[in-house]
Amino acid sequence: MSRPTLWSTADMDEDLADAVDAELSLYAQQGQNPAIYDQLGAQIEQLEPLLAIQQHMAALAAVPDVVKSFIVSFHQAILNRDLPSITIFYTTTFPKLTDRFYSRTEWPEPEIIAPLLSSNEATEDQIHIFLVLYRDLYYRHVYSRLHPNIDDRFHSYENSCELFNYLLNSPSSADDNSDEPAPVDLVLPEQWLWDIIDEFIYQFQVFCSWRSKVKSKTGDELMMLADGTGVWSSYSVLNVLYSLIQKSKINEFIVALKEEQGKEGARSAEEVAKSISPYTALPLYRTLGYFSVLGLLRVHVLLGDFTLALKVMDQVGEFLLGGSGFGAKANKSSFTALPTLPATHISTHYYVGFCYMMLRRYPDAIRTFVTVLNFSQRMQRMRNYSGYERKDQYDQIAKTADRTLALYAMCHSLVLPGSPFTRLDDNITSTAKERYGDQMGRMSKGGSDALAAFEELFLYACPKFINANSPPYDDPDAIALLLSADPTEPAEGSPIPTDPTQRHLRLFLASAGAQSPLPTLRSFLHLYTSLTTEKLSSFLDLAKVSESDQETVEEAEEEAIQEMMVLKQNSRSLSRIVPAQGRSEKGNEASPAGLTVIGTLLEGEMISTSDLNFVIDDNTIHIAESTVGRRYAGWFIKNTERSQRVLDEIRGSPLPVFKGKVGQKQGAPGTVALGAESVATNDSAEAAQKKAPTKTVAWGGAGTRTTLDA
């Protein structure tokens with residue numbers, strides 16, 4: 001259902017309508033006279049601007065005064081480069097006014113509020129860029145609260161292009177009137193800059209999904225799509241992101257920061273930025289460049305290129321994910337010039353971990369997921385985090401974290417039992433079992449039930465993949481074939497595009513299905529130190545030991561060996577976090593835990609991911625099992641903290657009051673004897689109750705406590 005237009009013809013000025021009716025009746029009386037027709041058209045053209053002006057004036061009068069005041073103050077804050085005020089207006093005031101006045105309707109159109117900006121001492125260029133920014137908020141509200149129509153989709157793309165063209169190709173304002181591009185004098189909060197990049201990619205993703213549904217389009221929409229084949233194209237989106245990265249020189253900036261580390265008299269981040277480029281010197285371009293790298297990661301994942309997605313994170317990934325491995329060398333870098341928003345942190349780890357999962361690098365995926373899930377659990381106690389007062393922003397973060405937990409559950413089930421990567425964090429594993437316990441049980445057992453559970457979680461947790469190419473709207477014959485085809489049974493040679501989500505699902509299930517017989521095979525190997533392939537094939541119901549047909553027995557043994565090779569292959573994986581023994585390369589300093597981070601996100605070394613190893617000598621299988629000691633440190637710390645809290649509560653509680661009626665004996669004045677001990681009388685007990693409660697600490701019992709005198 002399309003949204004109604006903001007102003008309908010029923011609201012036209014009555015006098016103008018009467019004038020038009022009079023002219024039309026005059027034309028009808030005098031016949032089809034071309035001269036009169038031309039005169040009538042000229043008069044109508046003269047009336048249209050007046051009609052539009054009156055409509056805008058009426059629409060502006062309908063805007064609440066508090067909204068008018070907000071728009072004027074918002075514009076003035078941007079003119080004054082008042083970053084604190086801009087942040088408050090963007091993160092707090094705008095959402096509150098939206099909930100109050102525009103929860104079900106769109107905000108006033110930019111052309112309507114334009115007269116409010118003329119009172120400020122601003123140039124036409126400054127007014128224009130504010131209207132572009134306001135239009136960005138306008139369409140973001142339409143996408144989040146309403147149902148965008150095709151005009152909204154096209155106009156939001158045009159506004160995004162206008163904004164990025166202003167940032168990238170704004171002419172110089174120098175006295176020499178040079179037409180060379182120059183940095184713009186604009187200050188925006190980091191949260192707004194992230195939302196600009198994030199919303200740009202989101203609208204591209206939504207448009208591609210909507211564009212691929214050919215049968216739901218009307219005739220007018222088909223015509224507009226045929227004429228606007230370049231709207232929201234993959235090339236234009238990638239061009240914007242790569243241009244922002246190139247203009248800001250964010251990768252060169254990070255490399256320069258790394259080189260400054262450890263030097264005596266190292267330059268500050270601002271000095272490093274100024275030495276690289278005038279664009280890099282401005283926080284606006286540095287932040288946009290950094291967010292564009294994270295946006296490229298997301299776009300390449302949506303397009304299905306997981307290797308290239310990790311490749312674009314070569315420099316930024318080491319900063320953001322360098323110390324994400326548990327027990328690995330912590331990232332000692334302190335790049336204070338780069339933003340650290342919770343939304344970017346969670347989103348980046350989600351997409352990087354998903355890339356690792358699709359590349360079958362499950363250890364790296366598990367480490368990435370565990371890092372961000374621990375961060376998310378801490379954020380659950382910080383609902384009022386600065387910049388996240390808006391409920392929709394926090395809900396989006398929570399939804400991404402829940403999808404990450406589902407991906408962790410799949411990777412945890414794909415790693416063979418007994419692997420050290422299944423014990424990275426017991427709290428996260430317990431949370432995953434509480435949330436997806438049924439699916440994890442089915443996935444670990446293998447078989448058809450496991451594939452159904454994998455499919456269920458994958459469809460819930462995977463990104464919404466898109467087709468890079470548009471359907472052939474400019475080819476009427478191809479569109480006619482698409483409209484007449486059966487989507488459930490596409491004909492051979494049909495131009496129906498394959499659903500990208502289903503395509504990636506089939507690839508993932510093919511990899512997961514190959515591991516379905518491994519749990520059963522591994523359970524038998526655990527029972528022996530050596531056994532024959534003939535006996536193993538009988539255990540796997542491939543052939544009976546008493547089988548008389550030698551050829552059948554040999555085929556069964558060959559199949560058992562093939563399954564063991566699959567087990568051997570899945571017992572090894574490429575990992576970025578590797579044991580440090582025997583490594584002496586420069587820059588790979590090991591942590592006390594004996595692990596080190598090597599290379600970029602795509603690099604790594606083959607490591608063993610299972611506690612079971614075997615060799616095959618002729619028809620005999622020799623099995624060796626390595627046991628990994630259980631980690632008791634976490635259990636002891638948790639119970640020590642619990643015991644300390646109980647002890648603090650006991651020490652902080654008042655002493656019980658003794659009534660002195662049973663078993664009293666004569667004693668010293670002011671006391672009542674009870675057995676061999678003396679306790680305080682009612683007066684002394686009441687004084688003890690008035691003592692301040694004890695001061696506790698997080699753990700360890702290192703706090704200062706008030707002792708009670710006996």
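A charge is said to sit over a ring if NZ of Lys or CZ of Arg is within 6 Å of the ring centre and within 35 degrees of the ring normal. By this rule, the charged end of K568 sits over the ring of F614, at 4.5 Å from its centre, and the charged end of R286 sits over the ring of F253, 5.5 Å from the centre of that ring. The model is a predicted one, in which local features need pLDDT of at least 70 and side-chain atom pairs count only at pLDDT 80 or more, while totals for chains, interfaces and linings use all residues. Residues are numbered from 1 along each chain as its sequence is written, and side-chain values use heavy atoms, with hydrogens and water left out.

Rings of Phe, Tyr and Trp (its six-membered ring) were taken to pair if their centres lie within 6.5 Å, with planes under 30 degrees apart counted as stacked, over 60 as edge-to-face and the rest as tilted. A search of the whole structure with this rule finds 28 aromatic pairs. In one of them, the rings of F154 and F207 have centres 6.2 Å apart and planes at 70 degrees, so this pair is edge-to-face. Helices here are DSSP runs (H or I, at least four residues) numbered from the N terminus; F154 lies in helix 7 (residues 150-169) and F207 in helix 8 (residues 190-211), so that the pair links distant parts of the chain, 53 residues apart. Both F154 and F207 are buried, a term that means under 20% relative accessible area (1.4 Å probe, protein chains only).

The rings of F458 and F508, by contrast, have centres 5.1 Å apart and planes at 20 degrees, and the pair is therefore stacked. Because F458 lies in helix 20 (residues 448-461) and F508 in helix 22 (residues 500-513), this pair ties together parts that are 50 residues apart in sequence. F458 counts as buried at 0% relative accessibility, and F508 counts as buried at 3%. Elsewhere, ring pairs link F70, F74, F89, Y90, F94, F101, Y102, W107, F130, Y134 and W192 into a cluster.

A cavity is a set of points, on a 1 Å grid over the protein atoms alone, where a 1.4 Å probe fits but cannot get out, and lining residues have an atom within 4 Å of a point. The structure holds 4 cavities of 30 Å³ or more. The lining of the second largest cavity is formed by W194, D198, L294, G295, L297, R298, S347, T348 and Y351, and helix 13 gives the most to this lining, with 4 residues.

Conventions:
Helices (H or I, at least four residues) and strands (E, at least two) are DSSP runs, numbered from the N terminus. Buried means under 20% relative accessible area, exposed over 50%, partly exposed in between (1.4 Å probe, protein chains only). On a 1 Å grid over the protein atoms alone, a cavity is a set of points where a 1.4 Å probe fits but cannot get out, and a pocket is an open set with protein on both sides within 12 Å along at least five of seven lines; lining residues have an atom within 4 Å of a point. Grid points are joined across faces, edges and corners, and a volume is the space filled by probe spheres set on the points.
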